[in-house]
Amino acid sequence: MSFVGVGMGVLEQSTDRVIIDLSRSYLNSRFRRSLDTLVAVLLLVALIPVIGLITVGISITSPGPILFRQRRSGIGMKPFMLLKFRTMYWAETRAGTVEQAIRGDSRVTPLGRFLRATSLDELPQLFNVVRGEMSLVGPRPHAVEHDRFYMARIPHYVRRFEVRPGLTGLAQISGARGGTPRIQDMRRRVDIDLEYIENASLPVDCLIFLQTVREVFESDSAY
């Protein structure tokens, strides 16, 4: 696996322990945490009109709460409630449903289909970033039930919990976004996540964040 697909060919993988330790030091540093908070707050302020329109749209197009909350695992496997704009009919999303959405899923509302395709349903996770439960960039968090399932089948899966999960990540801009119907799909995503953990830096994070914008407009892997 390489960074070529995201324009990061200049960053070579290294087995040098010092380099890996420095990378993780950056990922869990106060500097990165402060930067995450600052950028998340600025984005929330700038996106107030968009958030307002989505809120109104959800409230008038389908009954139920505006936000969907789901228990996810964060750094150190500490659970937290991830926030999303609700994109499914509420009667079909209660009782802790964790079944992955599929293309053409009848549970998804018309507005929800647009929100998922553009990733606008993820905007409330900026609050998760402000609260310190997530970072702007990192391995995407999965439902706790999915974590248990994959940890029993992918030996190195647990290493994803060494850092805060991200609003976006290297896997999402490397073609590993969307559903994971096969074990090998998740294994590939985890491999990319671990590559990111071992090579992370501020320039890498900036490039991933910018690439995410392009991915949202060009990819059809989100449904």
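Predicted model: local features only at pLDDT ≥ 70, side-chain atom pairs only at ≥ 80, totals over all residues.
View 1. Glu122 has 17% relative accessibility. Buried means under 20%, so Glu122 counts as buried. Arg140 is its partner in a salt bridge, with the closest N and O atoms 3.1 Å apart. Arg140 sits in the loop between strand 3 (135-137) and helix 6 (144-151), while Glu122 sits in the loop between helix 4 and helix 5, so the pair ties together parts that are 18 residues apart in sequence. Arg140 has 10% relative accessibility and therefore also counts as buried.

View 2. Lys84 and Glu122 are both buried. A network of salt bridges links Lys84, Glu122 and Arg140.

**View 3. Another salt bridge, at Arg182.** The structure holds eight salt bridges. One of them joins the side chains of Asp185 and Arg182, at 2.8 Å from N to O. Arg182 has 47% relative accessibility, so Arg182 counts as partly exposed.

View 4. Strand 1 (residues 67-73) pairs with strand 2 in the antiparallel sense, over seven bridges. Phe68 stands opposite Lys84 of strand 2. Strand 2 covers residues 79-85, and five of its seven residues are buried, so this strand is largely enclosed by the rest of the structure. The two strands form a hairpin, with five residues between them.

**View 5. Positive phi angles in two loops.** Gly76, in the turn of the hairpin, has a positive phi of about 70°. Met77 has a positive phi of about 65°, although Met77 is not a glycine. Met77 lies in the loop between strand 1 and strand 2. At 36% relative accessibility, Met77 counts as partly exposed. Ser119 also is a residue other than glycine with a positive phi, near 65°. Its place is the loop between helix 4 and helix 5.

**View 6. Helix 2 and its two sides.** Helix 2 (residues 30-46) has 17 residues. At 1.5 Å a residue the helix should span 24 Å, and its end C-alpha atoms are 24 Å apart, which agrees. The buried residues of helix 2 are Arg32, Arg33, Asp36, Ala40 and Leu44. Seen down the helix axis, the buried residues fall within an arc of 100°, so they line one face of helix 2. Arg30, Leu42, Val45 and Ala46 are exposed on the other side.

**View 7. The largest nonpolar core.** This core has 36 residues. Leu27, Phe85, Leu126, Tyr157, Tyr196 and Ile208 have the most contacts inside the core. Elements that give two or more residues to the core include helix 1 (17-27), helix 3 (48-61), strand 2 and helix 8 (202-218). Helix 7 gives the most, with six residues.

**View 8. The surroundings of Tyr196.** Neighbours within four places in sequence are left aside here. Tyr196 is in contact with Leu27, Arg32, Val137, Gly138, Leu170, Val204, Asp205 and Ile208. Among these, Leu27 and Ile208 are, like Tyr196, residues with the most contacts inside the largest nonpolar core. Arg32 is one of the buried residues of helix 2.

Definitions and conventions. Residues numbered from 1 in each chain as written. Heavy atoms only, no water. Buried < 20%, exposed > 50% of the residue type's maximum accessible area, 1.4 Å probe, protein only. Helix = DSSP H or I, 4+ residues; strand = E, 2+ residues; numbered from the N terminus. Pairing = 2+ DSSP bridges. Expected span 1.5 Å × (residues − 1). Arc of directions from axis to C-beta. Salt bridge = Lys/Arg side-chain N within 4 Å of Asp/Glu carboxyl O. Core = buried A, V, L, I, M, F, W, Y, C linked by side-chain atoms within 4.5 Å. Contact = heavy atoms within 4.5 Å.
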